[in-house]
Amino acid sequence: MEKSKTSKTPMRTTTKLDKDEQGKPVDQKLYRSMIGSLLYLTTSRPDIMFSVCLCARFQSSPKESHLHAAKRIFKYLAYTLTLGLFYSRDSCFDLHAYSDADYGYFKVDHKSTNGTCQLLENMLISWFSKKINSIALSTTEAEYIAAGSCCAQILWMKNQLEDYGFVFKSVPIKCNNTNTICLSKNPIQHSKTKHIEIRHHFIHDHIEKGDIEFVFMNTENQVVDIFTKPLNENHFFKLRRELGMSNPN
């Protein structure tokens, strides 16, 4: 790592990996070992979550283009060796969450990538980046499914925190899609979303109960963009700071 070249971001904004069937095959064992090490590291480095999960989709038949993408993540790690999550003991226990989805980003099957994260004030405590199982027919559907996953995680965390004496009434989920917010408040008025599985409509029930509430968050400040798509250098640095990542003094 000390002798390697460095990179300021884990992935270029122009990167769109596919199967690259005409590409040159690489050692599958080497590629899998690299991805395995990186996946282990994502438990403490959320800033590489999206890039690692994207590269992990090609472990069955890795090509040179996939290897180059994985090596760039290592170059980024070499540039940020001391970067880590910071948890302040003075921070409040104010539970809130962010939810987002990138509609049809994955070139292979056009399935959307969902990203959510949950924070206690400025302390990141849970996050994920995942390709959804079905193909979303619209941005609203992709965002709505992501919000459903975020809601389920929030409900679990609320129950866990109650054991420690922390009770939360209405936890805000910050979303940058107004159609998703409207759909969550009244799912039956949107005839075009009848095909969405019933299990995703449980959001409306929990909004009525006051367990959660949706809050609009403009795209520029949507923290979970870092879990759903490659970002330019300035935007990546900004969202990384919002996750509470910093270098020790």
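Predicted model: local features only at pLDDT ≥ 70, side-chain atom pairs only at ≥ 80, totals over all residues.
**Notebook: a walk through the fold**

I started at Asp-20, which lies in the segment before helix H1 (28-41). Helices here are DSSP runs of H or I with at least four residues, strands are DSSP runs of E with at least two, and both are numbered from the N terminus. Residues are numbered from 1 along each chain as its sequence is written, and side-chain values use heavy atoms, with hydrogens and water left out.

I checked the backbone at Asp-20 and found phi near 50°, a positive value in a residue other than glycine. Most residues other than glycine have a negative phi. I also looked up the exposure of Asp-20: it is partly exposed, at 25% relative accessible area. My cut-offs are under 20% relative accessible area for buried, over 50% for exposed, and partly exposed in between, with a 1.4 Å probe and protein chains only.

I found Glu-121 in the loop between E3 and E4. Its relative accessibility is 26%, so Glu-121 is partly exposed.

**Entry: the whole chain**

I counted 7 helices and 7 strands. Reading along the sequence, I get α-α-α-β-β-β-β-α-β-α-α-β-α-β. The chain has 249 residues, and 50% of them are buried. I also looked at contacts, meaning heavy atoms within 4.5 Å. Of the contacts between residues at least 6 apart in sequence, 75% join residues at least 24 apart.

I call two strands paired if DSSP finds at least two bridges between them. E3 (residues 113-120) and E4 (residues 123-131) pair antiparallel over 8 bridges. They form a hairpin with 2 residues between them, and Glu-121 sits in the turn. Thr-113 has Lys-131 in E4 as its bridge partner, and Gly-115 stands opposite Ser-129 in E4.

On to E2 and E3: this pair is antiparallel too, over 8 bridges. Ala-101 is partnered by Asn-114 in E3.

Is E3 enclosed or open? I found 8 of its 8 residues buried, so the rest of the structure largely encloses E3. Both of its faces are covered: one side has Thr-113, Gly-115, Cys-117 and Leu-119, the other Asn-114, Thr-116, Gln-118 and Leu-120, all buried.

**Entry: Asp-102**

I found Asp-102 in strand E2 (residues 95-102). Asp-102 is buried, because its relative accessibility is 14%. Leaving aside neighbours within four places in sequence, I see Asp-102 in contact with Ser-112, Thr-113, Thr-228 and Lys-229. I also checked Glu-143, which is 41 residues from Asp-102 along the chain: their C-alpha atoms are separated by 7.9 Å.

**Entry: helix H2**

I looked at H2 (residues 49-56) and found 8 of its 8 residues buried, so the helix is largely enclosed by the rest of the structure. The buried list runs Met-49, Phe-50, Ser-51, Val-52, Cys-53, Leu-54, Cys-55 and Ala-56. What covers them includes H1, helix H3 (64-79), E3 and E4.

**Entry: the cavity**

Points are joined across faces, edges and corners, and the volume is the space filled by probe spheres set on them.

How many cavities of 30 Å³ or more are there? I get 1. The largest cavity holds about 70 Å³ of space. Its lining includes Phe-50 and Ser-51, and also Thr-9, Asp-47, Lys-229 and Phe-236. By class, I get 7 nonpolar, 2 polar and 2 charged residues in that lining. Nonpolar means Ala, Val, Leu, Ile, Met, Phe, Trp, Tyr, Cys and Pro, charged means Asp, Glu, Lys and Arg, and the others, Gly among them, are polar.

Note on methods. 1 Å grid on protein atoms, 1.4 Å probe; cavity = no way out; pocket = protein on both sides within 12 Å on 5 of 7 lines; lining within 4 Å.
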